[in-house]
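Me: I would like to go through this model one feature at a time. Please give the general idea where there is one, then the case at hand.

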Amino acid sequence: MEDTCRRLVRKLGEAGLLQHCCVLEEGEAFDLRALALSRDILARRDALADFAFAMQGLGTGPISLFGSVSQRKAYLPAVMRGERIAAFALSEPDAGSDVRALKTTARRKGAAWVLEGTKTWISNGGIADHYVVFARAEEGLCAFIVDADTPGLQVREKIQTMAPHPLASVALRSCEVGPEALLGAPGQGLKIALATLDVFRTTVGAAALGLARRALDEALARVRSRKVFGRALAEFQLTQARLADMALAVDAAALLVYRAAWRRDSAGRRITREAAMAKLFATESAQQVIDSAVQLFGGTGVVSGAAVERLYREIRALRIYEGTSEIQKLVIAGSLLEAA
């Protein structure tokens, strides 16, 4: 798994796709439509390739958005070439969607900082070359760039999931970093985390869209070739009704995803509500589309290794990471009430 991910990252870098994951020059902005389209296409073909692409963006998003010139030059070019693997270390055993509940601490030691705590569910954990770590200091939440070989940073546990990806828990024990590791100003950590998620949350919807497109493709091919009671499965009205619902869900998700990306690119402002809508609808509807594809395949749809069985496992995590579906509903409702 680790070797496969490293190979995929190198290939993505060689193909020039990872240039969309980073903003190297000061004053430039993410091309969110390019990010979304990349994840849409990659997820349709290979979910692990999409994962490798997305984590390069999420693990360097804080550096692109808030890094100094020297920080961007030190980390981003190698990430864009696929030579360096990035990770975003926000979640903890008792703090996921509730960022304010983070317990990892950062205390000053002269000009340096000492980090203490545990991070978990960290994508690329154990294979990353650097982690963007969020920790609580006297000034408030802070973000730090921590190289993987920094003394005191330890990969504690590899986490096995239903759709295998490199995930791990990471411990920070008297982990000392220099002042150059701090991203932005002390106390800006919450702003950095939310601004990064504001960009990449939309792309989770794009990945779900790609998985749903693949499921619809597989289902169409199946019902055309499968004979039931002497007729093609596609000839039955119940099949046609299911296909219509699947196509409707795919197109509606696409409209929400690319609307959010367009608004970010054209207006250059936060798209918190639009991103939440895109992620919520695209991931939930993709789950339904893929479930329908499995149903149309019948028994062969649940055979381990079948395309739709693999999609069924891949989609589930997207409804959880970067904010659960329930959190997205709270974000949407909060935005509506605030505007009223």
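Me: How many residues does α8 have, and how far does α8 reach from its first C-alpha to its last?

Reply: Keep in mind that this is a predicted model. As a general idea, an α-helix has 3.6 residues a turn, so residues three or four places apart point the same way. Here α8 has 26 residues and spans 37 Å between its first and last C-alpha, close to the 38 Å expected at 1.5 Å a residue. Just after α8, glycine 298 has a positive phi of about 70°.

Me: Is phenylalanine 281 buried, partly exposed or exposed?

Reply: Phenylalanine 281 lies in helix α8. Its relative accessible area is 32%, so phenylalanine 281 is partly exposed; buried would require under 20%.

Me: Which residues touch the most other members of the largest nonpolar core?

Reply: In soluble globular proteins, nonpolar side chains tend to be buried together. The largest nonpolar core in this model has 105 residues, and Leu115, Tyr131, Phe134 and Phe144 touch the most other members. Helix α6 (residues 189-225) supplies the largest share of this core, 17 residues.

Me: Which helix gives the most to the lining of the largest pocket?

Reply: That is α6 again, with 7 residues. The elements that each supply at least two residues of this lining include α2 (32-45), β3 (112-123), α8 (272-297) and α10 (325-339). The largest pocket has a volume of about 1,200 Å³. Its lining has 47 residues, and Ser91, Ile320, Tyr321, Glu322 and Gly323 lie nearest the centre.

Me: How many residues of that lining are nonpolar, polar and charged?

Reply: The lining of the largest pocket divides into 26 nonpolar, 9 polar and 12 charged residues.

Me: How many disulfides does the structure hold?

Reply: A disulfide is a covalent bond between the sulfur atoms of two cysteines. The structure holds 0 disulfides. For cysteine 22, the nearest cysteine sulfur is that of cysteine 21, 6.0 Å away, whereas the cut-off for a disulfide is 2.5 Å. For cysteine 142, the nearest cysteine sulfur belongs to cysteine 175, at 15 Å.

Me: Are cysteine 22 and cysteine 142 buried or exposed?

Reply: Cysteine 22 has a relative accessible area of 7%, so cysteine 22 is buried. Cysteine 142 also counts as buried, because its relative accessibility is 0%.

Technical notes:
Residues numbered from 1 in each chain as written. Predicted model: local features only at pLDDT ≥ 70, side-chain atom pairs only at ≥ 80, totals over all residues. Heavy atoms only, no water. Core = buried A, V, L, I, M, F, W, Y, C linked by side-chain atoms within 4.5 Å. Buried < 20%, exposed > 50% of the residue type's maximum accessible area, 1.4 Å probe, protein only. Helix = DSSP H or I, 4+ residues; strand = E, 2+ residues; numbered from the N terminus. 1 Å grid on protein atoms, 1.4 Å probe; cavity = no way out; pocket = protein on both sides within 12 Å on 5 of 7 lines; lining within 4 Å. Points joined across faces, edges and corners; volume = space filled by probe spheres on them. Nonpolar A, V, L, I, M, F, W, Y, C, P; charged D, E, K, R; others polar. Expected span 1.5 Å × (residues − 1).
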